[in-house]
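Q: I have a structure open and want to go through it piece by piece. Can we start with how the strands pair?

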Amino acid sequence: MDTKIKIPDGITPYYSTNLGFLVHGDCLEIMPQLGEVDLVLTDPQYGMEFQSNYRIVKHDKIHGDENLPLEEIKMAINKAGAAAYVFCRWDNIYEMPKPKSVLIWMKNNWSMGDLKHEHGRQYEIICFYSKENHVFKKRIPDILKYRRTGNIYHPTQKPVGIMVQLIECNKAVLILDPFLGSGTTAIACERLNRQWIGIEISEKYCEIAAKRIEHESKRPTLFKGSLEVKPKTRKQIGMIKESK
Ligand SMILES: C[S@@+](CC[C@H](N)C(=O)[O-])C[C@H]1O[C@@H](n2cnc3c(N)ncnc32)[C@H](O)[C@@H]1O
């Protein structure tokens, strides 16, 4: 992609590269200011007030995690000219618009949950919505196996690899993630040389996302691929301002 992405009038990005830009704000207010995109790839909060009990250094609670943000999700799906992927949990899928496919992200661990009455859950769901002019570059099956990330940068951080695979199998040029979190979708786009728009309401995560995207955008093309550079600890890489 040789041309720099055009930033719509009235939008001041928090961070930008040649391929994309990140807006700090509420996606419900920002999305109406954007034109149509080809693909939406997003991971909204699941509406479960998630805060892991298994971390020594705890992340803050996720903004708006009291409810599934249905209005925002529907608006995002409408913004997609070709298709949309929306991550969700098995127990809120009945609230979602009916998808064309349900993809499974199979993880290398399973949740504890109710040890007596519930099976250990080893997957998360991705709802896929395709429109008339959607075209696959290479059709893939609906079970995707990726190791969990360890959530170094964000409490519900997704693997870069799964985002790369979901983008790569589509012909989309411009990709939107209105719930960008720590920037994973934008990193995948940078890796694949696709254009991207990210929106994130928390300034803390905008800062983390900007640093991760900057790091990715400066990697020599030779080293771009499906592997993410993994820091050993948050402090070691010095990329994250600890929450106050
Ligand atoms: C589940 S997380 C996304 C994590 C991301 N996939 C990653 O790998 O880091 C959802 C994010 O959406 C943000 N968010 C919540 N409500 C929002 C809104 N109305 N507009 C924009 N961002 C929002 C939260 O702050 C959170 O970082």
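Q: In which sense do S3 and S8 pair, and over how many bridges?
A: This is a predicted model, and in it S3 and S8 pair in the parallel sense over 2 bridges. Val40 has Leu176 as its bridge partner in S8.

Q: And S3 with S4, in which sense?
A: That pairing is parallel as well, with 5 bridges between S3 and S4. Val40 is bridged to Ala84 of S4, and Leu41 has Tyr85 as its partner in that strand.

Q: How many residues of S3 are buried?
A: 6 of the 6 residues of S3 are buried, which leaves S3 mostly covered.

Q: Why is S4 called largely enclosed?
A: Because 8 of its 9 residues are buried, S4 is largely enclosed by the rest of the structure.

Q: What about S4 and S6, parallel or antiparallel?
A: S4 and S6 run antiparallel and are joined by 6 bridges. One of the pairs is Phe87 with Ile126 of S6.

Q: Where does S5 come in?
A: S5 covers residues 101-106 and is joined to S6 by 6 bridges, in the antiparallel sense. Ile104 has Ile125 as its bridge partner in S6.

Q: So what is the order of the strands in the sheet?
A: The order is S1-S2-S9-S8-S3-S4-S6-S5-S7, an open sheet of 9 strands with mixed pairing. S1 (15-16) and S7 (143-145) are at the edges with a single partner strand each, so one side of each has no neighbour in the sheet.

Q: Which way do side chains point in a strand?
A: In a regular strand they alternate between the two faces of the sheet.

Q: Switching to the core. Which residues touch the most other members of the largest nonpolar core?
A: Leu39, Val40, Ala84, Ile167, Ile175 and Ala209 do, in a core of 52 residues. Strand S4, residues 80-88, gives this core its largest share, 8 residues.

Q: Now helices. Which residues of H2 are buried?
A: In H2, residues 70-79, the buried ones are Glu72, Ile73, Ala76, Ile77 and Lys79. They are on the same side of H2, because they cover an arc of only 155° around the axis.

Q: Why would residues a few places apart end up on one side of a helix?
A: An α-helix has 3.6 residues a turn, so residues three or four places apart point the same way.

Q: What covers the buried residues of H2?
A: The cover includes H1, S3 (37-42), S4, S6 (123-130) and S8 (174-177).

Q: Last one, the whole protein. How many helices and strands?
A: The protein has 6 helices and 9 strands. It has 244 residues, of which 36% count as buried. Of the contacts with a separation of 6 or more, 69% are between residues 24 or more positions apart.

Note on methods:
Residues are numbered from 1 along each chain as its sequence is written. This is a predicted model: local features need pLDDT of at least 70, side-chain atom pairs count only at pLDDT 80 or more; totals for chains, interfaces and linings use all residues. A nonpolar core is a set of buried Ala, Val, Leu, Ile, Met, Phe, Trp, Tyr and Cys residues joined through C-beta atoms within 7 Å. A residue is buried if 20 or more other C-beta atoms lie within 10 Å of its own, exposed if 12 or fewer, and partly exposed in between; C-beta atoms are placed from the backbone. Helices (H or I, at least four residues) and strands (E, at least two) are DSSP runs, numbered from the N terminus. The arc is that of the directions from the helix axis to the C-beta atoms. Two residues are in contact if their C-beta atoms, placed from the backbone, lie within 7 Å. Two strands pair if DSSP finds at least two bridges between them.
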